[in-house]
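Here are my notes on the model you sent. Please read them with the structure open.

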Amino acid sequence: MLKKTLLGSLVFLLYAPLSAYDLRSNMLQLGEELAEVQRSFIASDKQGVKESITRFAKHSQVLLGDKDNFAKMLPVGKKRKAHEAEMSAQIIKHNVQIILDAIDNKHNQSGIVRREEAQRAYTYIEHACFRCHNIVRDEY
Ligand code: HEC
C-alpha cells in the first residue's frame, strides 16, 4: 500500500512538471514561429511567408489539434478547457489555407487583394492565440 502511494507520488512528481514544461516550451516555439510569419508579412517576403506559415501550421496542428494530448499538458484544474485547443486548431487551419491560396493565386485576384486577404487571415490566427489565452491561461 505504502509502496503504491510512494510510486504514485513519484510518477506524479515526475509527470506534472514535465508536462507543464512541455506546454510552455511548445508555446514559446509557436510564438517564435508566428513571429517569423509576421516578419515575413511586414517585409512582403512571399516565399518567407510560405515557408514560415507551413512550419507554423504543422507545429500548431500537432500541439493544438488533439484535445486529449493538450489536456495532458494542462494543469489539473484546467483540463476541462482542452477542447479550446481543437477549436483554435481549426481556426488556424482555415486561415493558413487562406494564406496559402492567396500565395498560389487560387482565385485569380490582384496582388493587393491577395496580400490583404492573407494579412487579414494572419490577424485571425493571432486572434485564435489571444482567444485561448483569455479563456484558458489568464485568470485576472
Ligand atoms: C488552447 C489554448 C491555447 C492556444 C490556442 C494558444 N495558447 Fe499559448 N498558452 C496557453 C497556455 C495555457 C499557456 C501557459 C503555459 C505555461 O506557461 O504554463 C500559454 C503560453 C504561451 C506562451 C508563453 C508565454 C509566457 O511566457 O508565459 C506563448 C509565447 C504562447 N502561449 C504563444 C501562443 C501563440 C503564438 C499561440 C497561437 C498560435 C498560442 N499561444 C495559442 C494556451 C494556449
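This is a predicted model: local features need pLDDT of at least 70, side-chain atom pairs count only at pLDDT 80 or more; totals for chains, interfaces and linings use all residues.

1. Terms and fold. Helices (H or I, at least four residues) and strands (E, at least two) are taken as DSSP runs and numbered from the N terminus. On that basis the order from the N terminus is α-α-α-α-α. The protein has five helices and zero strands.

2. Residue numbers start from 1 along each chain as its sequence is written.

3. Burial and contacts. A residue is buried if 20 or more other C-beta atoms lie within 10 Å of its own, exposed if 12 or fewer, and partly exposed in between, with C-beta atoms placed from the backbone. Buried residues make up 21% of the 140 residues. Two residues are in contact if their C-beta atoms, placed from the backbone, lie within 7 Å. Of the contacts with a separation of 6 or more, 54% join residues 24 or more positions apart.

4. A residue is near a molecule or strand if its C-beta atom, placed from the backbone, lies within 6 Å of it. By this rule 19 residues surround the ligand, and the closest are Met27, Gly31, Ser88, Cys129 and Cys132. Two or more shell residues come from each of α1 (2-42), α2 (46-64), α4 (83-103) and α5 (111-137). The largest share, eight residues, belongs to α1.

5. Ala, Val, Leu, Ile, Met, Phe, Trp, Tyr, Cys and Pro count as nonpolar, Asp, Glu, Lys and Arg as charged, and the others, Gly among them, as polar. The shell around the ligand then divides into twelve nonpolar, four polar and three charged residues.

6. Core. A nonpolar core is a set of buried Ala, Val, Leu, Ile, Met, Phe, Trp, Tyr and Cys residues joined through C-beta atoms within 7 Å. The largest has 23 residues; Val37, Ile53, Ile99 and Tyr122 have the most contacts inside it. Two or more of its residues come from each of α1, α2, α3 (67-73), α4 and α5. Leaving out residues up to four places away in sequence, Tyr122 touches Val37, Phe41 and Ile99. In soluble globular proteins, nonpolar side chains tend to be buried together.

7. The α4/α5 pair. How do these two helices run relative to each other? Their axes are 8 Å apart and the packing angle is about 170°. Axes here are lines fitted to C-alpha atoms, for helices over the stretch in contact, and angles run from 0 to 180 degrees between N-to-C directions. Angles under 35 degrees count as roughly parallel, over 145 as roughly antiparallel, 65 to 115 as roughly perpendicular and the rest as oblique. α4 and α5 are therefore roughly antiparallel. By class, their contact has 15 nonpolar, two polar and four charged residues. Residues of α4 in this contact include Ser88, Ile92 and Ile99, and those of α5 include Tyr122, Ile125 and Cys132.

8. Please look at two asparagines here. Asn105 has a positive phi of about 50°. Asn108 also has a positive phi, near 50°. Most residues other than glycine have a negative phi, and most peptide bonds are trans. Asn105 is exposed, because 11 other C-beta atoms lie within 10 Å. Asn108 is exposed too, with 6.

9. Phe70. This residue lies in helix α3. Is Phe70 buried or exposed? Phe70 counts as buried because it has 24 C-beta neighbours inside 10 Å. Beyond four places in sequence, Phe70 touches Leu64, Ala82 and Ala85. Phe70 and His83 are 13 residues apart in sequence, with 8.5 Å between their C-alpha atoms.

10. Lys81. The loop between α3 and α4 holds Lys81. Lys81 is partly exposed, with 16 other C-beta atoms within 10 Å. Not counting residues up to four places away in sequence, Lys81 touches Ile135 and Val136. The C-alpha atoms of Lys81 and Cys132 are separated by 9.3 Å, across 51 residues of chain.

11. Ala35. Helix α1 contains Ala35. With 12 other C-beta atoms within 10 Å, Ala35 is exposed. Its C-alpha atom is 9.7 Å from that of Phe56, 21 residues along the chain.
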